[in-house]
Amino acid sequence: MSVISKRPGILFLLAMLTVPASGSLSAQQPDPPEADINVYGSPPADLSGMTEGPEIEGFISARSGDKMQVMSTDGVSTVIAISDGTEIRASKGLLGLNRSKLAADSLLNGLPVSVKTVQWVGGLVASQIKLRNNDLKTATMIRSGTAQRFDEQAAATEALRGRMGDIDKYNIKGTTNVFFDTGKWKLSAQAQEDLCAVATEAEAMDNALLLVVGYTDSVGDQEYNQILSERRAGRVVNYIQQECRWKPYRMLTPTGMAEADPLAGNDTAEGKAQNRRVSVNILVSKGLDGL
């Protein structure tokens with residue numbers, strides 16, 4: 001199922017992901033053109049009386065200052081402002097009872113969230129952000145880091161807290177591809193089985209992280225294929241985290257590469273079928289490999 005890969009496209013992508021967490025949102029995860037939301041000025045602290053916006057579910061794919069980017073289950077990215085009036089909660093117990101407030105610095109990349117929004121002149125502002133309790137525990141461990149020294153997860157957490165500064169020094173331990181129908185990002189039953197298998201394989205490796213990269217064939221223009229590749233990558237990330245129970249903090253920010261780095265030629269139906277894929281790469285830092 002898995003093959004060792006040292007493809008130039010993957011190595012180039014690893015170099016791209018050295019962008020610091022404090023960088024721009026677009027540098028970490030490019031938005032589809034129609035999904036851009038520009039936020040101007042500081043969002044208001046009093047959100048009462050403002051027109052309700054859409055409720056967005058997905059995972060945090062980038063954070064910058066008082067803004068976060070959320071990629072939904074269909075792969076669309078939305079930038080949402082966070083204000084002093086934003087209520088951030090994690091559910092505890094059945095049906096979300098006994099909820100407790102969170103600090104905004106717990107909103108880390110990769111965390112699944114459900115966001116209620118209000119409309120503002122500068123875009124959307126989060127009125128409420130909800131996290132699952134298990135994801136909150138993960139976020140707390142990441143924020144506390146080495147002070148808690150949580151066994152085998154400590155090395156991976158420290159690497160994430162350092163924002164993967166030496167990501168170009170990572171070993172690619174294996175690559176698994178899952179494939180899609182033309183213009184689609186729905187996972188087949190075989191793809192679902194393969195994704196949980198690669199999560200199990202990575203879990204058996206010390207300090208392993210997953211890098212998810214979406215691709216398309218040559219059908220459609222570049223703009224369409226960029227959006228489609230991001231949606232495929234986002235769908236795979238959601239499935240691995242939600243169904244295969246892969247911890248969010250061990251997932252690098254997913255990326256769409258459109259038609260780049262094809263596995264086969266796009267001049268045949270068989271070649272196009274191989275290029276409509278998402279690659280799930282198992283990475284281990286050379287500095288931590290074997291520890």
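In this predicted model, helix H5 passes helix H6 in a right-handed crossing, a crossing being called right-handed if the near helix is turned clockwise from the far one by less than a right angle, and left-handed if anticlockwise. Helix H5 covers residues 189-203 and helix H6 covers residues 222-242, and their axes come within 10 Å and cross at roughly 60°. Here the axes are lines fitted to C-alpha atoms, for helices over the stretch in contact, and the angles run from 0 to 180 degrees between N-to-C directions. H5 and H6 are therefore oblique to each other, since angles under 35 degrees count as roughly parallel, over 145 as roughly antiparallel, 65 to 115 as roughly perpendicular and the rest as oblique. On the H5 side, Gln192, Leu195, Cys196 and Ala199 meet Val236, Tyr239 and Ile240 of H6, where contact means heavy atoms within 4.5 Å. By class, this contact of H5 with H6 has six nonpolar residues, one polar residue and no charged residues; Ala, Val, Leu, Ile, Met, Phe, Trp, Tyr, Cys and Pro count as nonpolar, Asp, Glu, Lys and Arg as charged, and the others, Gly among them, as polar.

Residues are numbered from 1 along each chain as its sequence is written. Because the model is predicted, local features need pLDDT of at least 70 and side-chain atom pairs count only at pLDDT 80 or more, whereas totals for chains, interfaces and linings use all residues, and side-chain values use heavy atoms, with hydrogens and water left out.

For the protein chain as a whole, the secondary structure comes to seven helices and eleven strands, these being DSSP runs numbered from the N terminus (helices, H or I, of at least four residues; strands, E, of at least two). Of the 291 residues in the protein chain, 51% are buried, where buried means under 20% relative accessible area, exposed over 50%, and partly exposed in between (1.4 Å probe, protein chains only). The chain exposes about 13,300 Å², of which carbon and sulfur atoms supply 50%, the areas coming from the Shrake-Rupley method with a 1.4 Å probe. Among contacts in the protein chain with a separation of 6 or more, 74% are accounted for by residues 24 or more positions apart.

Several individual pairs illustrate such separations. Asp84, by contrast, is found in the loop between strand E3 (77-81) and strand E4 (87-90) and counts as exposed at 77% relative accessibility, while its C-alpha atom is separated by 7.5 Å from that of Pro44, 40 residues away along the chain.

Most residues other than glycine have a negative phi. Asn207, however, has a positive phi of about 65° although it is not a glycine; Asn207 is placed in the loop between H5 and E9 and is buried, with a relative accessible area of 9%. Ala258, also not a glycine, has a positive phi of about 50°, and is found in the loop between strand E10 (255-256) and helix H7 (269-275), where Ala258 counts as buried at 1% relative accessibility. The C-alpha atom of Ala258 is separated by 9.6 Å from that of Asp221, 37 residues apart along the chain. Asp221 itself is found in the loop between strand E9 (209-214) and H6 and is partly exposed, with a relative accessible area of 49%.
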